[in-house]
Amino acid sequence: MDRDKILQTIRENKAKTAPLPKPFGSPTEKQDSGLINRFKEMLQQVGGGCFEVNGAEELHAFVGEHFPGATDFRKEETWKEFPPDCPKEKLAQLKTVMLEGQFGVAENAAIWLDETRFPNRLIPFIAEELIVCLYSKQIVQDMHEAYSKSGKNTTGFGVFISGPSKTADIEQNLVFGAHGAKKYSVIFY
Amino acid sequence: MTGHAQQAGQFLKNRERAAWHDETLWIVRQKRDKMARAVPEWEDLREQASQIKQHTLSELDNYLVQFEKQAQKNGAQVHWAGDAARFNEVVSGIIKENNATKVVKSKSMLTEECGLNPFLEKKGIGVTDTDLGERIIQFREEPPSHIVMPAIHLKKEEIGELFHEKLHTEKGNFDPTYLTAAARVHLRQKFLEAEVAITGVNFAVAETGTVVVCTNEGNADMGVHAAPVQIHCVGIEKMIPRMTELGVFIRLLARSATGQPITTYTSHYQRPKPGGQMHIVIVDNGRSEHLGREDYRNALKCIRCGACMNTCPVYRRSGGHSYGSVIPGPIGSILAPHSHIKNYNDLPFASSLCGSCSDVCPVKIDIHDQLYRWRQDLSEKKRISPTKRHTMKIAGKILAGSKMYDFSGKMARWGIKNLPRKLVYNRLNVWGKERELPEVPKESFKQWYKRTQQGKGGKNGQG
């Protein structure tokens, strides 16, 4: 009954139909080479670390050398260890988590991750440190392009992440690690 | 003297803090400017956002129905609440059905507006606000003073003292990093225990039935993904048509709010987690009524970024609490009198009408024009204080006739110069409170003009 009343009041009160403007086009010419540099610049601004390796093989070696203890959800066996119904107390023990990003956005260093990338939705948030691997060709210019890619998402949950969790609620002092990852890095390959 | 002015006077008593508040919010405004300037198409984006909202509001019933259908298809349960009381009942009903007593909540001005926390607390359900700023003010049993930075009125020493008392942090340790770490540990426990998580909603996408929540802390996600039951509370005006339109608003929101290119987390909740429940409560509470107020309709475009507060010379110097309304600042001064005209009839006057709010608004709401219109409506409805009404009436008469004007000017110039200070700065002279009247010129402009320009000819020089 609340539903009908709300809808009825809207019908009585709304203005005459205004047209929906044409989708906002990305204004500038595409500059594929500049995208990664723009992304890196923004990543630094939002407090994220940045590594760059040459291709998938080098990435493998790099991860083995620099993040040997990471819980790597790019691997099938990790999914078995942390199934979707994994108790949250166990997830709360996660230190360094590694995920594969789907694509990045140059204008704000956000990376899209939907739930095909992790078995439990808490994982990207509850880890102390988050590392996202991103194929360096998978970068779009802005959020318009981003949503034309992710907008077709049919999974139950997806998120753009840009940097570590942060707060400035105490006197506007920026502090990393409010509730989510305290440390955040991207490895381009 | 009116409510806002009195409260502002209280706020200004602590000069150091008031100056800090003013400067800090101005820094946020400058960060916003830097971000806006870095996007060459910024003005087009604002126009686009404004038009999208214009369209959506003109088709709001259809979009709500589409959203509901899509969300249900996704497996979410959709509820409708006509007013605050009904909203509180719906939410407490969901909590009760699940025999839950532990609830976490991320920031939602809508639940603040409806008084959800006190309602649930009366029913024995403990709600923990999980945004750091909100947790701080919840401990202090205070309302937020800003919609994006709820604890901006507090200094770190006060928060250190508060955390020492509530969370047993070291006495005298006011380091923000230390205090944030303590809150993290405290709230991590709350997240893991919670049976129900409540969130507000930044945008609801009709095409896909998705609700979108933006946070920097990650508290909405920690709550939603850890608790078996998630409840998203959304005002009807949060609808947007499609994902295509979402991009426009995500680009504008964080840049306008805090001068960030995007919030750390932009989360898209579409289906319940495996074995979990997802509820969406669609709330009206006066919004559909507001849609019919043609002159003020645009206020429903608001995306709650807070940019109008950060830039407002009155807000910055009077603090959010001085407004006494759920949403303070310029946009709050439009909305509050509509919900309760008697309590908030002074808020449209809490503005210098400088227009800065309208300039920074990412959805181009004509904020200062609406405030000006409110003043006229209020005085027509005789809803302003008698002092203001009579002063205006007298001023109107004086300004309408040139003889009266000349005479009054002369009197005022003489009076300010010759009358005793006590008489000039009397109780009725609210302008002169904490402010010096300008130095009196020897002659009026008219006299000066006559004296110097007479006989010079020129277009307007005939004397």
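A few questions and answers on this structure follow.

Q: What kind of model is this, and how are residues numbered?
A: This is a predicted model, where local features need pLDDT of at least 70, side-chain atom pairs count only at pLDDT 80 or more, and totals for chains, interfaces and linings use all residues. Residues are numbered from 1 along each chain as its sequence is written, chains are lettered from A and ligands numbered from 1 in the order in which they are written, and side-chain values use heavy atoms, with hydrogens and water left out.

Q: How many helices and strands does chain B have?
A: Chain B has 23 helices and 10 strands. Helices (H or I, at least four residues) and strands (E, at least two) are DSSP runs, numbered from the N terminus.

Q: What box do its C-alpha atoms fill?
A: For chain B, roughly 90 × 55 × 45 Å, along the principal axes.

Q: How much of chain B is buried?
A: Buried residues are 57% of its 463 residues. Buried means under 20% relative accessible area, exposed over 50%, partly exposed in between (1.4 Å probe, protein chains only).

Q: Now B:Glu134. Where is it?
A: B:Glu134 sits in helix 8 of chain B, residues 132-139.

Q: What else does B:Glu134 touch?
A: Leaving out residues up to four places away in sequence, its contacts include B:Lys107, B:Ser108, B:Glu112 and B:Asp129. Contact means heavy atoms within 4.5 Å.

Q: Switching to chain A. Where is A:Ile161, and is it buried or exposed?
A: A:Ile161 is in strand 8, residues 157-161. A:Ile161 is buried, at a relative accessible area of 1%.

Q: Which residues does A:Ile161 contact?
A: Beyond neighbours within four places in sequence, they include A:Ala109, A:Leu130 and A:Tyr184, plus B:Thr264 and B:Tyr265 from chain B.

Q: How far is A:Ile161 from A:Glu107?
A: They are 54 residues apart in sequence and 13 Å apart in space, C-alpha to C-alpha.

Q: And A:Ser150, buried or exposed?
A: A:Ser150 is buried, with a relative accessible area of 5%. A:Ser150 belongs to helix 7 of chain A, residues 143-150. Setting aside neighbours within four places in sequence, A:Ser150 contacts A:Phe103, A:Trp112 and A:Phe160.
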